[in-house]
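Dear colleague,

Please find the structure below, handed over for your study. The notes after it describe what was found.

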Amino acid sequence: MSHDAAAAGTHEGSGSAQRAGRRSAPGRGKRRGSRRGLKITLGILLVLLLAGGGTVYWLYSQLDKNITGVDIEKALGDDRPEKLPTSGQNLLVLGSDSRAGAENKELGGGGAVSGARSDTALVVHIPEGRTKAVAVSIPRDTLVTRPECVGENGSTVSSKERVMFNSVYSQVGPACVVKTVEKMSGVRIDHYLEINFAGFKGLVDAIGGVTVDVPQDIDDKASGLHLTAGPQKLDGTESLAYVRTRHGIGDGSDLGRIGLQQQFLIALLSEVKSQDLLGSPANSYKIAKSATESLTTDKELASLTSLAEFARSMNGVDPASMETIMLPVAYDKIDENRVVAAEPQASRLWKAIREDTAVPEDAKKSPATGG
């Protein structure tokens, strides 16, 4: 795929990340074990974060008004996949590249970019028992069939084939993204979580940064990110540039950076899990405030109480046991800058998620890898 594989007009990282500088920092910060995987989840971080706080969630009740709720159930109606009794829980987690607000514009490096797209997308499957999780990333450049949807203004938007997955959000809204995922996977989505640039940066800064083992030197002039290989402790701005860099890794496509994103996900979740939030109510409040100001959820989760109760039920999920998989994709035969779901691998993957069974090894292999 070429360097133009990302959505037109989407800018990479933050110019302010230049202050990261080229560093080699073995021993800086507390190194956390991390696994390579394939895509970052953003909203799920808040869920596990609140789980770390456990019973202190009542401290955050005054922050309810910060959370934006979307009535997914009302928007989608009854035309949805069946919810199986043993299928666990499925969350659709989106990272939005919205430039709304001064901080998002600065972090996105794109004041001239209008609207918002789903910069990252992840289906998180939590099996019955909630002791492990499977995270399936959907590359944003994947061509999909967008189903007929009701837009946020109440108008009906007709179905269309061969649209880029990350464009559905900007064209029709979050409910249509949920419907698109359900149609392409047959997986019933139980909850929706979305966080923007500023929320991601705020979370990382609030927990004091995240240490990652940078796999190779990164010199990305587009984002201003310059890192040497080895352990590095990144602040919020640097972390955002790290998970969004394309020109600094792989073939310059969205697929090329997916390995970094999933590596960062495991490191961040491990850091959140390790922090004693009960021992620091002030820090807990700071983290929750930062997260909720940039969080959108389905209506059912749109309160600190609901989020915390759900999070406590996930307290047994160990980040180190999370399996991270990219939806198997192949380069599109018409447009080499786009990808399509690879068959039969994709169907086997979604079948395992639907039926709450182990994902077959051959369903994890993607013909397109991004170098």
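Gln89 has its place in strand E2 (residues 89-96); strands (E, at least two residues) and helices (H or I, at least four) are DSSP runs, numbered from the N terminus. This is a predicted model, in which local features need pLDDT of at least 70 and side-chain atom pairs count only at pLDDT 80 or more, while totals for chains, interfaces and linings use all residues. Residues are numbered from 1 along each chain as its sequence is written, and side-chain values use heavy atoms, with hydrogens and water left out.

Because its relative accessibility is 16%, Gln89 counts as buried (under 20% relative accessible area, with exposed over 50% and partly exposed in between; 1.4 Å probe, protein chains only). Leaving aside residues up to four places away in sequence, Gln89 touches Lys83, Val124, His125, Ile126, Arg130, Asp190, His191 and Phe310; contact means heavy atoms within 4.5 Å. Gln89 and His191 are 102 residues apart in sequence, yet 8.2 Å apart in space, C-alpha to C-alpha.

**Aromatic pairs**

Rings of Phe, Tyr and Trp (its six-membered ring) pair if their centres lie within 6.5 Å; planes under 30 degrees apart count as stacked, over 60 as edge-to-face and the rest as tilted. By this rule there are two aromatic pairs. Phe200 and Phe264 form a tilted pair, at 5.8 Å centre to centre and 50 degrees between the planes. Phe200 lies in helix H6 (residues 197-206) and Phe264 in helix H8 (residues 258-274), so this pair ties together parts that are 64 residues apart in sequence. Both Phe200 and Phe264 are buried.

Tyr242 and Phe264 form a tilted pair at 6.3 Å centre to centre, with 50 degrees between the planes. Since Tyr242 lies in helix H7 (residues 236-244) and Phe264 in helix H8, the pair ties together parts that are 22 residues apart in sequence.

A pocket is an open set of points on a 1 Å grid over the protein atoms alone, where a 1.4 Å probe fits, with protein on both sides within 12 Å along at least five of seven lines; lining residues have an atom within 4 Å of a point. The second largest pocket is lined by 13 residues, of which Val70, Asp71, Ala75, Glu152 and Ala175 lie nearest its centre. Strand E1 (68-70), helix H2 (72-76) and helix H5 (174-185) each supply at least two lining residues.

Yours sincerely
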